[in-house]
Amino acid sequence: MSNGEEEGYSAAGEVSLIKARRTLWESVWRGLKSAPPTALFGMTVISIYLIIAIFAPLLAPHGEAEIFPMSYAPWGEDFLFGTDQLGRDVLSRLIYGAQNTIGIALATTLLAFAIGGSLGIAAAINHGGLVDNLLSRSVDILMAIPSLIFALILLSMFGATAINLILIIAVLDSTRVYRVSRAVSLNVVVMDYVEAARLRGEGVGWVMRREILPNIMPPLIVEFGLRFCFVFLTIAALSFLGVGIQPPTADWGSMVRETAGLIQFAKYDITAALTPMLPAAAIALLTVAVNFVVDWFLHKTSGLKDEH
Amino acid sequence: MHPVISTVLQRLGLGLITLFVVSIIIFSSIEFLPGDFGEAILGQAALPETVAAFRAELGLDLPLHERYFDWLGGVLTGDMGNSFSGRGSSGGTDRSRPVIELIAPRLANTLFLASMAAIISVPLALFLGVTTALYRNSIYDRVVNALTLTTISFPEFFVAYLLILFLSSFTNLFPSLANIGSDTTFWERVYLSALPALTLTLVIIAHMMRMTRAAIINLMASPYIEMANLKGVSKTQVILQHALPNAWAPIVNVIAFNLAYLVVGVVVVEVVFVYPGVGQLMVDAVTSRDVPVVQGCAIIFAATYILLNLFADIISIVTNPRLLHPR
């Protein structure tokens, strides 16, 4: 506020001065300082994963599907983690796998939230009406079958491609998002300001986006983390089963399956046995990290205390 | 009518409706196959007559609802049609097998594995839950909590390969492949299924143990427990005789829920250990798009899952004292 003196005192100026004192980065820093070590660990791991995923082509020493004449090469200088059954560099595939696996899981989760979130809020506005009942009953039925089994049925119908995988898992997972967003929006739709907006003549879309959505954000963010983990594990499991992401796309689930045979050589060459464990551990580490962060966020936003 | 009976009947009705709708969804999966799938199954060289006969056998020339009830009647009487695999285009010999013949022996194997996992995990989870509640905030409690939190966020195949690495590759304690045939004796079977069962145990135990612990700790704050404490009843007695009986409802509920989850967990674990069960059959059938087999496996998985969840619901209704003694 350099020109504050010329204009004299203004309440808005004073407020903006106080607001400006704490920039976005400062408030983020304040939040981070109070975070427990587990959450810090989780956030560090997630950032490293994201950096690897974004800069995969720069970081990977070899191409994603580049085939070298040596299959099952041992760990060494040329190939840090050896090569797989076709002679592809495991390290490069791990790095590209971050991009593919996290990218597909993220796209699926976002799609699931777009579907489930908007339908959930719409159902809450229509509480007790035809739309609400119809949606809720169909969701009940979709949730009555375990989603892995359902995904297997749908994949056998439509064939296993990346697009089908994203669509199928997103629709199946949107049921959980629907439940959560409907439940939390039910408390918001009865508020006076929502009523005021509707009396003002705002459309349903505007009410959903501008009045309800900002007020149900914290539980939805927590749900996003949990859903991401779940989607990520489901896709990894499907790829591991051979009906998910298809070769030659590098992905952690199918990498485990392709190199799993090496595990029996643990006695002779421990590094060979560790080759299939690397992608599996990459999946496990990311899930644990996200869980840690979600846990912290849950405690922070809800003021929830441990039971002891 | 007594409120318990009416609620239970309501749940049963809902369960049946769900099962019905689910069967329609599973049935209609054959509708979505691409138009030329007859050729895809029988091969490029299949004669048009063979393809037409194949379509007629599947009943694709009949109206939809007629086919559905035909199929449902078949499933209920144990006839799920014939598998697509083994149908040759040449010679006209049909080597395909009835789906029920493929599923039946594998279903027994899967049930064996699931019950073995349940027999290990349920008592262990209860024991860990009660003891961690008893020694709350001790080192033991913290270690068990941290371990179960970790296993809950690991993918099944990671747990499975960790177990293979340590218990099979390094030490040769257990076989890494569950090579089970029809002539395997019972104890051999137990030995061969040890690692898969252990994997499943580790995957489902966390949830049950944490629920038991939370349910007991939740009750410990109630006045009647304080009364028992003040009377000088020992801590173990308080938990076992005063807290546990009232904690049963949520615990049994979560146990049934996790047994239902075994149905899903079993798919991945069977593939890891090449265990000849329904899960592996289903995955193979999905890969080769053998729809009748996928349908057969899916209906078994879905029915088991729905029934176990229904059972959990009914248990929690029946054991709820508030419903048992209406005002």
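Residues are numbered from 1 along each chain as its sequence is written, and chains are lettered from A and ligands numbered from 1 in the order in which they are written. Because the model is predicted, local features need pLDDT of at least 70 and side-chain atom pairs count only at pLDDT 80 or more, while totals for chains, interfaces and linings use all residues.

Let us begin with chain A. It contains 14 helices and 0 strands, where helices (H or I, at least four residues) and strands (E, at least two) are DSSP runs, numbered from the N terminus. Its C-alpha atoms fill a box of roughly 75 × 55 × 40 Å along the principal axes. Of the 308 residues in chain A, 41% are buried; a residue is buried if 20 or more other C-beta atoms, placed from the backbone, lie within 10 Å of its own, exposed if 12 or fewer, and partly exposed in between.

How confident is the predictor in chain A? The mean pLDDT, the predictor's confidence in each residue from 0 to 100, is 83 for chain A, and 91% of its residues reach 70 or more. Confidence is highest in helix 6 (residues 90–125) of chain A, with a mean of 91, and lowest in helix 1 (residues 4–7) of chain A, with a mean of 48. Residues 304–308 of chain A also stay under 50 in pLDDT.

One helix to look for is helix 12 (residues 217–241) of chain A. Its 25 residues reach 35 Å from first C-alpha to last, close to the 36 Å expected at 1.5 Å a residue; the expected span is 1.5 Å times one less than the number of residues. After helix 12 of chain A comes A:Gly242, with a positive phi near 90°.

Now turn to chain B, which has 14 helices and 0 strands. Buried residues account for 39% of its 327 residues. Two residues are in contact if their C-beta atoms, placed from the backbone, lie within 7 Å. Among contacts in chain B between residues at least 6 apart in sequence, 72% join residues at least 24 apart.

B:Thr151 gives a close-up of this. This residue sits in helix 6 of chain B and is buried, with 20 other C-beta atoms within 10 Å. Leaving aside residues up to four places away in sequence, B:Thr151 touches B:Val159, B:Leu202, B:Val203 and B:Ala206. B:Leu202 is 51 residues away along the chain, yet its C-alpha atom is separated from that of B:Thr151 by 6.5 Å.

Two packed helices are described by the angle between their axes and the distance between the axes. The axes of helix 5 (residues 99–134) and helix 9 of chain B come within 7 Å and cross at roughly 35°. Helix 10 (residues 223–231) of chain B lies largely in the open, because 0 of its 9 residues are buried. B:Gly232 follows helix 10 of chain B, with a positive phi near 95°.

Finally, where do the chains meet? The contact takes 42 residues from chain B and 38 residues from chain A. On the side of chain B that touches chain A, helix 7 of chain B gives the largest share, 8 residues.

Conventions: Axes are lines fitted to C-alpha atoms, for helices over the stretch in contact, and angles run from 0 to 180 degrees between N-to-C directions.
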